[in-house]
Amino acid sequence: MKGILVIIDGLGDLPHHLLKGETPLEAARTLNMDFLATRGELGYMYSVKPGFVPESDEAIVSIFNNSLISSSRGQLEARGTDIKLTRGDLALRANFATIDSLEKGNISDRRAGRTLSTKEAEALGKAINKIKLPIQFEFKPTIQHRGVLVFKGGFSDNISGNDSFYSSGKNIVVHKVAGCKALDDDENSVYTANIVNEFLEKVYEVLKEHPVNVERKRRGLMPANYLLVRGPGIEPPKLKKYKKWVSANYMPLEIGFSKVCEMKNFAFEYPKLSGIDAYENLWKGLRKACKNAINVIKKNSKKFDYAYIHLKETDLPGHDNKPVEKKLMLEYIDMTLFRFLRKFCPPKKINVVVTGDHSTPCKLKSHSADPIPLLFYNCSEIPKEKHFSEKECRKGTLGRILGNDLLKRVGFDK
């Protein structure tokens, strides 16, 4: 194996008062990442371009040197599940969410309070799949509040989602449901938008008094009474192939991406959320993710040239303004996965790149256009002590890198 790319989701952050004016990465005790940084180079990256607020799919697509128009979020997420797609099927990423009513359209929480158990999501999913429409569709809950929605047939993807917060390259703070709209005058686009809106209205009618939500309200929890959809796509993604890569990814988006790029992916079944503590569930997932990554690298280092590791859990504390939790997750990743890499990579002359897909500053509770810290361990023979952090990376010798240039810059394109 020549190199390992580790993407820590939402890695970049801003100074926070709960961490005495430091970012989670600056405050974290990361001896093993620092070991690699000391024997390598630091820099900072814009995964798409300066001033652009990327979603995870846009960031990954760009980092692997593709144009943003070559795929859609919905198609990648759907291909990370067992849903069968044919050309013309409309795929969308979906979230269980909480709204006050269809008439008012106020979004109380885009993730139903992060308390939706796996069992509850599956029960609600069954109810959704019984909805009667003049076309065929399939809805599949995936992990926690997430899901995938596919309409079968010849549809247009030139429509908007129903959550204005997600707009390519920027965040618009809007807390109202927006109906899906055709983005051109084509008859099929108008028809598609109408079908999706009709479906979403029926979803609300089915879910608002579903026994799961009646019980959730009785317990003082937010009802998962609506779906927010985004990233529509009908075309199979046209991404560059990375057949010499192995990947250890477990979320639908990254599984789908790895499949389309023809990487050999090794996933694991994500722990089911059985109670209401999403972070207990996230910690279980993170522990399994680090263990899986180590096993994949050990077993495949002689079979593949490169490895792609993506750790999702660190993004969630950013969205929830939990900087201490994010710091603790970074420290756990360091003392497990990076403790292993520190011992495994130097003797084998394996280079390591550590970065994020985007910044998710805790105090913003959303993705931002801020640059992402970047570490390139290249077996430098002249160690110079460094702490892997936003401050150090802004002064690093790698300087500024755009996502499209990353693999070439570190030699992972050979």
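Which strands does helix H8 (residues 252-260) lie across, and at what angle does helix H8 run to E12? The legends below take up this view and several others. The model is predicted, local features need pLDDT of at least 70, side-chain atom pairs count only at pLDDT 80 or more, and totals for chains, interfaces and linings use all residues. Residues are numbered from 1 along each chain as its sequence is written, and side-chain values use heavy atoms, with hydrogens and water left out.

**View 1. Helices H8 and H11 lie across strands of the sheet.** Helix H8 lies across E10, E11 and E12 and runs at about 160 degrees to E12. H11 lies across E1, E12, strand E13 (351-355) and strand E14 (372-377), at about 175 degrees to E1. Axes are lines fitted to C-alpha atoms, for helices over the stretch in contact, and angles run from 0 to 180 degrees between N-to-C directions. Contact means heavy atoms within 4.5 Å. Helices (H or I, at least four residues) and strands (E, at least two) are DSSP runs, numbered from the N terminus.

**View 2. An open sheet is formed by 8 strands.** The strand order is E11-E10-E12-E1-E13-E14-E2-E15, and the pairing is mixed. Strand E11 (264-265) and strand E15 (399-402) stand at the edges with a single partner strand each, so one side of each has no neighbour in the sheet. Two strands pair if DSSP finds at least two bridges between them. Strands of a sheet pair through backbone hydrogen bonds, either parallel or antiparallel.

**View 3. Strand E12 (residues 306-311) is largely enclosed by the rest of the structure.** The strand is enclosed because 6 of its 6 residues are buried; buried means under 20% relative accessible area, exposed over 50%, and partly exposed in between (1.4 Å probe, protein chains only). One side of E12 carries Tyr-306, Tyr-308 and His-310, and the other carries Ala-307, Ile-309 and Leu-311. Strand E1 (residues 3-8) runs parallel to E12 and is joined to it by 6 bridges, with Ile-4 as the bridge partner of Ala-307. Strand E10 (residues 245-248) also pairs with E12 in the parallel sense, over 4 bridges, and here Trp-245 stands opposite Tyr-306.

View 4. A salt bridge is a side-chain nitrogen of Lys or Arg within 4 Å of a carboxyl oxygen of Asp or Glu. The buried residues of H5, among them Thr-118, Ala-121, Leu-124 and Ile-128, pack against strand E3 (90-99), strand E5 (137-141), helix H6 (187-207), H7 and E9.

**View 5. Two further salt bridges join Glu-122 to Lys-272 and Lys-243 to Glu-262.** In the Glu-122 and Lys-272 pair, the closest N and O atoms are 4.0 Å apart. Glu-122 lies in H5 and Lys-272 in the loop between E11 and helix H9 (278-300), so the pair ties together parts 150 residues apart in sequence. Glu-122 is partly exposed, at a relative accessible area of 41%. In the Lys-243 and Glu-262 pair, the corresponding separation is 3.4 Å. Lys-243 is in the loop between strand E9 (226-233) and E10, and Glu-262 is in the loop between H8 and E11. Lys-243 counts as exposed at 57% relative accessibility, while Glu-262 is partly exposed at 37%. The whole structure has 23 salt bridges, and a network of them links Asp-57, Arg-73, Glu-77 and Arg-93.

**View 6. Val-48 is placed in the loop between strand E2 (40-46) and helix H3 (56-63).** Val-48 is buried, with a relative accessible area of 16%. Leaving aside neighbours within four places in sequence, Val-48 is in contact with Pro-54, Glu-58, Ala-59, Ser-62, Leu-68 and Leu-402. The C-alpha atoms of Val-48 and Arg-230 are separated by 19 Å, and these residues are 182 apart along the chain.
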